[in-house]
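Visitor: I am new to structures like this one. Could you show me how to read a few of its features?

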Amino acid sequence: MFIYVKNFNCTLWGARLGWVDGIGDAVEFEGHVRLSCLDGRPVEASPWRFLCPGGGLLDVEVEPARPPSWGLWASRRPGVWRYRELLPAPRGVEPVTLGEGGTPLVPLERVSGEVGARVYGKLEGSNPTGSFKDRGMTVAVTLARSAGARVVLVASTGNTAASAAAYAARAGLEAVVLVPRGAVARGKLAQALLHGAVLVEVEGSFDDALAAVIEAVESGSGLYPLNSFNPWRLEGRKTAAFEVAEALGGRAPDWVVVPVGNAGNIYAIWKGFKELRRHGLIDSLPRMAGVQAAGAAPLARAWELGLEEPVPVERPETVASAIRIGRPVNAPKALRAVRESGGVMTMVSDEEILRAQADLARLEGIAVEPASAAALAGLRRLAREGVVERGETVVLILTGHGLKDPDAAALHPARRLTVTADKAVDAILSIAGSAGLRGARSFQRR
Ligand SMILES: Cc1ncc(COP(=O)(O)O)c(C=O)c1O
């Protein structure tokens, strides 16, 4: 069956998105699913609808077929689909899943001691492709397949490409991924290629690549866009909030600190907490803190200046390539999340990001990529400024694994030596000696 979507034009950062008639299959949802523009105007709920008629972002609302409860969810395996009642699940669908979600929430003892708060890290690098992107991808690709898509398309700073490629492979779909040439971490490119995606390297920025995606979709190509202007994808991401509240015993933390690039995640997590409260599953809401890199901080700058609109950055620059974005497509949603929650946007330097990356790795045993480390750098700043107070509970969303970006990992001073095979034992014993191990001398080689 075809769904006939009326032609309309959308303006999204200057791009006009004229939608096309006659694409894709209709989908019946398990609960009652509504789509609306950010100003509340309702729109027909179709998986092929991505933007508001006349321009702007869309939001999804899921009215569950049966009331969600912690008890019901606890009876299922951990993961994104544990929360199925609050997801836009096509009726009777077998999700396209790799077992995403269910990531650890670990106390960060040393960081807590340093900032005087109870700090946890949500290890999103434990997802199947090593980043939080898998949460949204399982939902969006499930919908795309149910709605008759055959080829999915994304622009990416790397992690979305890796995730889209993996989930498309799992679903038997083709994936086309656009990345800014020379600006994506090696691990992420390797993943996209390994999963068989078609890689298009664009001589330009991520923002240029995203504009190309929007234009390609607009042309009526039938490609299914998986970027985060697709509101269906954000639905999967909100499950991080469900997991945090569940792990904290049915409570929200005081603060959730999120690194911000295209600005979908901070909104999705906020939306997740709001839904939990609407369904009586938590009593209070957290404050959302968004962290950007100083060289790519359109939202943090807007926040600092008290502006309603982001301050676009034409040439974003930061070591945290995942958040090297100058025109965040979800800006209105992110600013809404921060304002509604009584939160804050802040920015940190590359030096602060790299120090946080090293400290998480060396003091807490957690390897994250630079974008994720921005969360800790941001918390340090907010604690110094007294915004985050002593004794508060804070969750850092550690969005991607450290192995994604081996070149960034290599920026840190390393303790490393090379020896010939016949000198290896001597080297070990001398290290043991300098570490003050008793016995080290008596085991010395003759
Ligand atoms: C590791 C990592 N952290 C943070 C982000 C930012 O997420 P968002 O674009 O939803 O703000 C990204 C986005 O690519 C990412 O890959």
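Predicted model: local features only at pLDDT ≥ 70, side-chain atom pairs only at ≥ 80, totals over all residues.

Visitor: How many helices and strands does the chain have?

Guide: There are 15 helices and 15 strands in the chain.

Visitor: What does the radius of gyration say about the chain?

Guide: The idea is to compare the chain with a compact globule. For 446 residues such a globule would have a radius of gyration near 22 Å, and the chain has 23 Å, so the two agree. Along the principal axes, the C-alpha atoms fill a box of roughly 85 × 45 × 45 Å. Of the 446 residues, 52% are buried.

Visitor: How should I read the span of helix H3?

Guide: Count 1.5 Å a residue and compare the result with the distance between the helix ends. H3 covers residues 133-146, and its 14 residues should span 20 Å; the end C-alpha atoms are 20 Å apart, so the expectation holds. H3 is also mostly covered, with 14 of its 14 residues buried. After H3 comes Gly148, which has a positive phi, near 85°.

Visitor: Is Lys404 buried or exposed, and why?

Guide: Count the C-beta neighbours: 20 or more within 10 Å make a residue buried. Lys404 has 32 inside 10 Å, so Lys404 counts as buried. Its place is in the loop between strand S15 (393-398) and helix H14 (406-409).

Visitor: Which residues is Lys404 in contact with, beyond its neighbours within four places in sequence?

Guide: Among them are Gly130, Asn159 and Gly187. Gly187 is 217 residues from Lys404 in sequence, yet their C-alpha atoms are 4.4 Å apart.

Technical notes:
Residues numbered from 1 in each chain as written. Helix = DSSP H or I, 4+ residues; strand = E, 2+ residues; numbered from the N terminus. Rg over C-alpha atoms; globule rule 2.2 N^0.38 Å. Buried ≥ 20, exposed ≤ 12 C-beta atoms within 10 Å, placed from the backbone. Expected span 1.5 Å × (residues − 1). Contact = placed C-beta atoms within 7 Å.
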